[in-house]
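Here is a friendly walk through one protein model, from helix pairs to a single side chain. Keep the structure open beside the text as you read.

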Amino acid sequence: MTFRSMTPDDAGAVAAFLASNRFPFHVNPAPGESSANQRVAEGHFWSGESQGYWVQHDGEDIGLAVMEGLTDENVDFDLRLAEDHRGRGLGTDVVRALCRLAFTELPDLVRFEGQTREDNIAMRKTFLRAGFVKEAHYRQAWPTADGSRLASVAYAILRSDWENNTVTPLEFDDLLLDAWNRKS
């Protein structure tokens with residue numbers, strides 16, 4: 001996997017990519033041309049706070065990734081693969097390559113985070129296979145197109161874990177276990 005930085009010259013291609021693919025696990029699963037053009041015009045793909053990249057595999061653009069919050073030590077990313085490239089087992093390689101890009105290009109980056117809906121099992125498994133740890137489960141935080149709400153699940157990888165090819169477990173229920181033990 002390789003990445004090619006987006007520039008304002010890519011505006012038409014980015015809008016076309018967004019409008020021609022469905023993204024069932026994103027807040028706007030089917031951005032139309034108007035919505036896609038607006039997102040591009042707002043500078044979401046190239047600004048001081050964010051940078052978009054074309055995801056390339058075998059010399060072909062197969063999706064896009066956007067790193068957000070670039071001025072912070074904790075950067076989030078948005079990943080969207082073209083519909084015809086999903087389900088091929090590329091996700092883990094893309095996320096690992098994106099980590100390599102983030103941690104090499106952003107020397108002050110401490111942790112790299114992504115979020116997905118609770119029902120996006122493929123992406124949740126991709127995070128785990130790429131060395132990310134589940135850090136949060138935000139109940140009813142993700143609005144869906146039909147008006148219902150699902151949980152947003154956050155995963156992150158630490159620079160130290162990426163550099164050492166390790167996974168630092170998270171003690172998620174530390175206070176709950178302590179409180180439970182006091183009741184006994």
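## Helix 3 and helix 4

Helix 3 and helix 4 make a right-handed crossing (left-handed if the near helix is turned anticlockwise from the far one by less than a right angle, right-handed if clockwise). The contact uses Gly91, Thr92, Val95 and Arg96 of helix 3, together with Met123, Thr126 and Arg129 of helix 4; contact means heavy atoms within 4.5 Å. Sorted by class, this contact of helix 3 with helix 4 has two nonpolar, three polar and two charged residues. Here Ala, Val, Leu, Ile, Met, Phe, Trp, Tyr, Cys and Pro count as nonpolar, Asp, Glu, Lys and Arg as charged, and the others, Gly among them, as polar.

The axes of helix 3 (residues 91-105) and helix 4 (residues 121-129) come within 9 Å and cross at roughly 50°. Axes are lines fitted to C-alpha atoms, for helices over the stretch in contact, with angles from 0 to 180 degrees between N-to-C directions. Helix 3 and helix 4 are therefore oblique to each other (under 35 degrees is roughly parallel, over 145 roughly antiparallel, 65 to 115 roughly perpendicular, and the rest oblique).

## About the model

This is a predicted model, in which local features need pLDDT of at least 70 and side-chain atom pairs count only at pLDDT 80 or more, while totals for chains, interfaces and linings use all residues. Residues are numbered from 1 along each chain as its sequence is written, and side-chain values use heavy atoms, leaving out hydrogens and water. Helices (H or I, at least four residues) and strands (E, at least two) are DSSP runs, numbered from the N terminus.

## Helix 1 and its neighbours

The axes of helix 1 and helix 2 come within 8 Å and cross at roughly 140°. Their crossing is right-handed. Ala11, Val14, Ala15, Leu18 and Ala19 of helix 1 meet Glu33, Ala36, Asn37 and Val40 of helix 2. This contact of helix 1 with helix 2 has seven nonpolar residues, one polar and one charged.

Which residues of helix 1 (residues 11-20) are buried? They are Val14, Ala15, Phe17 and Leu18, where buried means under 20% relative accessible area, exposed over 50% and partly exposed in between (1.4 Å probe, protein chains only). On the other side of helix 1, Gly12 and Ser20 are exposed. The buried residues of helix 1 pack against helix 2 (33-41), strand 2 (50-57), strand 3 and strand 4 (74-81).

## Isoleucine 62

Isoleucine 62 sits in strand 3 (residues 60-68). Because its relative accessibility is 0%, isoleucine 62 counts as buried. Leaving aside residues up to four places away in sequence, isoleucine 62 touches Met1, Phe17, Val55, His57, Leu81, Ala82, His85 and Leu90.
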